[in-house]
Every structure is written in structure tokens, then in C-alpha cells.
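Please find below a short note for a reader who is new to this entry. The sequence and the model are shown first.

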Amino acid sequence: ITFGPVQRPQPWWVGRRERLLEMAGAGTPRYVYDLATVRERARGLLASDAVDRCFFAIKANPHPAILHAVTTEGFGLECVSRGELDHVFGVLPELSPQRVLFTPSFAPRGEYEHAFDRGVAVTIDNLEALQRWPELFRGRTVWLRLDLGRGEGHHEKVKTGGAAAKFGLPLAKFDAFLALARSLDVRISGLHAHLGSGIDDPLHWREVYANLAGLADAVGTVETIDIGGGLGVPYTPDAQHFDLVAWRNGLDEIKAAYPRYGLVIEPGRYLVAESGVLLLSATQVVEKDGIVRVGANAGMNALMRPAVYEAWHGIHNLSRLDDADTAAFDVVGPICETGDVLGRNRLLPTATAEGDILLVADAGAYGMVMANTYNLRALPAEDIIE
Ligand code: LLP
């Protein structure tokens with residue numbers, strides 16, 4: 001019997017090295033997504049049998065092939081804007097609106113109207129919307145997003161609960177919301193909470209579920225409880241994979257006490273983060289004041305996560321994958337910002353040089369979709385491995 005951390009399997013891209021180098025030959029920066037990995041994650045969640053329905057938060061990666069893959073596996077889709085709704089129904093015209101959620105934040109009135117017209121489940125998350133637009137909501141069925149008073153996640157900027165966050169109806173206004181909803185004949189069929197992104201503790205959702213189920217009884221019309229997304233993925237080498245068994249066991253405890261509610265999750269990152277790599281080309285290797293930097297032809301313009309959240313992504317020299325990683329580099333982009341650093345003090349082969357293809361790992365979530373054209377640099381290309 002061996003104890004200690006479970007050995008993580010090799011990432012998919014190690015065995016796809018030649019194919020990736022070929023793709024990089026067509027130009028970098030380039031995101032490449034492995035659909036088998038997306039399917040594997042989707043199947044893992046569904047097979048865990050922890051929840052009744054799963055929705056993919058398309059904000060993490062709305063690539064059409066990924067939307068096809070996850071909906072084929074049985075996922076619905078969660079959208080936060082009219083743009084995302086139009087994209088989803090453009091890519092999947094046959095998709096039933098019952099498989100789509102609309103969970104916007106501070107959206108203009110017209111986007112709610114559009115979502116109701118489409119027949120998707122609409123979530124509101126404040127009292128003022130009902131007060132200001134009573135005719136928009138009168139007689140409708142909605143889901144209500146609550147702020148449970150606390151946030152979680154891999155960084156302050158992705159915590160979506162508590163007074164500092166803009167999301168959700170605070171519990172102090174719950175009764176007022178119910179009263180106004182009743183007077184407008186608004187039926188609350190779902191309760192929702194999403195406390196943040198990149199949460200590694202599998203028991204987090206058990207607590208959210210318990211909180212919402214307790215409140216659902218007071219509403220009386222609730223059918224569905226949506227405990228949000230936020231399932232973490234292992235970015236660093238020593239991180240563990242999300243514990244689906246502990247997650248399921250935690251949820252089962254609550255489900256036993258509240259069997260009448262359908263349970264829903266809406267993960268984004270979990271399905272796509274590990275499926276994606278960002279391929280870059282090394283531009284220059286420069287030493288300054290004892291730090292050796294390798295430049296890449298894209299940085300925070302292609303992948304904002306390190307600059308915005310100090311996020312850690314593995315970085316590898318795909319052109320010299322068989323060489324030992326023997327020298328420390330800071331990996332920087334070409335953007336005129338000091339924060340344009342993809343990784344500090346990373347071990348790469350000493351021979352790393354101009355023209356080498358650098359691979360940024362686990363970049364399939366919140367990568368391409370947050371890329372921008374700052375400094376008038378081109379957006380990355382995208383490729384799929386079926
Ligand atoms: N549901 C709601 C209401 C959300 O706001 C989000 C993410 C999700 C679900 C999906 O969360 P996930 O399962 O992907 O953690 N750009 C940041 C993450 C921002 C997440 C925004 N909301 C990052 O790169 O870490």
C-alpha cells in the first residue's frame with residue numbers, strides 16, 4: 001500500500017508534441033483544445049451522479065466545438081449576456097431553451113426581455129430590478145441569485161459573494177424581494193448562488209446547498225437549486241485533482257434532507273482548463289541584473305490570468321521537451337507593461353532560444369475569451385484536436 005498524493009496522469013499534450021509543433025508552424029500565438037479532455041471532464045461530472053443537471057458556463061470557453069462536445073455529453077449551457085445567448089443559439093440552433101440559463105450581472109433591461117423571449121431560465125439578483133421594471137417581470141417565472149454573505153475562490157478578484165462583490169441579493173433583502181415578487185405574480189422557481197471561481201474544497205458546495213435548501217422552503221415555489229460553478233483545477237505540479245467523491249458525498253447528505261429540489265451546477269473552468277494549451281514562439285533571451293528573461297510573441301494580451309490574478313500556469317519548451325529543465329527564466333510577453341509576465345523563475349532548458357515553441361499549460365479556461373488586442377497585437381488563433 002502506498003500513501004501520499006495520487007500520481008497525476010501525464011497531460012494530454014505530452015503525447016501530442018509533434019502535432020502541436022506542426023500546428024505552431026502555421027503561426028503563433030495559438031490556442032489548441034483537446035476535445036477528448038473536455039469530454040472526459042464532462043463525463044466525470046455526470047458519472048459522479050452528484051447533481052441532477054449540469055450547465056457549462058460558456059464564459060470560460062465558448063468555442064463552437066466545445067459547445068458541441070459538452071452539449072452532446074448532456075450538459076446545458078449557462079450564459080451571462082445577450083452576446084452569449086445569441087452565440088449559443090447560433091452555434092446550436094436545435095438546442096432546447098430549457099437547456100440554457102441566463103445569469104447576467106447588471107445587464108440592461110433589453111437583455112432580460114430578449115432572454116424571456118428566447119424562453120431560457122432567467123436569474124435576477126437584486127430587488128431594484130423588480131422595483132424599476134415591474135412590467136418586465138410581472139407574471140414571469142424567474143430564478144433568484146442570493147449573496148450568502150461570503151465569497152470563495154483562487155483570488156480576491158474572483159470572489160463573488162459578500163459586501164465587496166456586486167453579485168446577488170443580500171439575505172437582508174430576501175423577505176422584501178419575496179413580498180414584491182408575490183405582489184407582481186412573479187414565481188421564483190429556482191434559487192441560485194455562486195460564491196466564486198477556482199474553489200478546491202469539495203465541501204464548499206455542500207454548504208451552499210444547505211444554505212439554499214433552507215431558504216427554498218420559505219419561498220414555497222422553488223423546484224431547482226443551483227449551487228453555482230467554481231470547481232477548481234490543479235494548475236501547479238503539486239496540486240491535487242478535484243475530489244469528486246468527497247464532493248458527491250457532501251451533496252448527498254443535504255439531498256437526503258431536501259429530496260424535493262432538483263440540484264444544478266454550472267461549472268466552466270473544470271471542463272475546459274486542462275484541455276487547452278497556448279502555443280507561443282520565443283522571441284529573445286535577455287539577461288538583466290541577474291534575471292534571464294525569455295520573451296514570447298504574446299503575453300498578457302493572449303492570456304491575462306497571470307497579470308490579473310497572479311495565476312500560475314505551467315510553461316514548457318515544446319521544441320526541447322526531451323532536454324532537462326536546467327535554467328531559470330522569467331517568461332515575459334511583448335506588451336509594454338511591467339506586469340506582462342507569464343511566469344517567474346521557471347525552469348526551462350538552458351539552450352532555450354529564439355524560435356522555440358513555448359507551451360503554456362492549462363489555458364483552456366478564461367484564456368482566448370479574455371484575450372485582447374492591446375498594443376495592436378493580433379489575437380491568437382484557435383485549433384481543435386478531435
Ligand atoms: N456561474 C457564475 C454565475 C459565474 O459567474 C461563473 C464564473 C461560473 C458559473 C463559472 O465559474 P467556474 O466554474 O469557471 O469557476 N476569469 C477568472 C474567472 C472568472 C469567473 C467568472 N464567473 C479566471 O480566469 O480565474
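The points below go from the overall fold to one helix and then to the ligand site.

1. Overall make-up. The model is a predicted one. The protein contains twelve helices and 17 strands. Of its 386 residues, 45% count as buried.

2. Dimensions. The C-alpha trace spans about 70 × 55 × 40 Å along its principal axes. For 386 residues a compact globule would have a radius of gyration near 21 Å, and the 22 Å of the protein agrees with this.

3. Contacts along the sequence. Among contacts between residues at least 6 apart in sequence, 73% join residues at least 24 apart.

4. Helix H9. This helix covers residues 204–219. Glycine 220 follows H9 and has a positive phi, near 90°.

5. Packing of H9. The buried residues of the helix include His204, Trp205, Arg206, Tyr209 and Asn211, as well as Val208, Leu212, Ala213 and Ala216. The buried residues of H9 pack against strands E6 (141–147), E8 (187–192), E9 (224–226) and E10 (262–265), and against helix H10 (244–257).

6. Ligand shell. The ligand is surrounded by 23 residues, of which Ala57, Ser197, Gly229, Gly268 and Tyr366 are the closest. By class, the shell has nine nonpolar, nine polar and five charged residues.

7. Origin of the shell. Domain 1 (62–267) and domain 2 (273–385) each contribute at least three residues to the shell around the ligand. Helix H11 (269–272) and helix H12 (305–309) each supply at least two.

Conventions
Residues are numbered from 1 along each chain as its sequence is written. This is a predicted model: local features need pLDDT of at least 70, side-chain atom pairs count only at pLDDT 80 or more; totals for chains, interfaces and linings use all residues. Helices (H or I, at least four residues) and strands (E, at least two) are DSSP runs, numbered from the N terminus. The expected span of a helix is 1.5 Å times one less than its number of residues. A residue is buried if 20 or more other C-beta atoms lie within 10 Å of its own, exposed if 12 or fewer, and partly exposed in between; C-beta atoms are placed from the backbone. Two residues are in contact if their C-beta atoms, placed from the backbone, lie within 7 Å. The radius of gyration is taken over C-alpha atoms; the globule rule is 2.2 Å times the number of residues to the power 0.38. A residue is near a molecule or strand if its C-beta atom, placed from the backbone, lies within 6 Å of it. Ala, Val, Leu, Ile, Met, Phe, Trp, Tyr, Cys and Pro count as nonpolar, Asp, Glu, Lys and Arg as charged, and the others, Gly among them, as polar. Domain bounds come from an automatic or database domain assignment.
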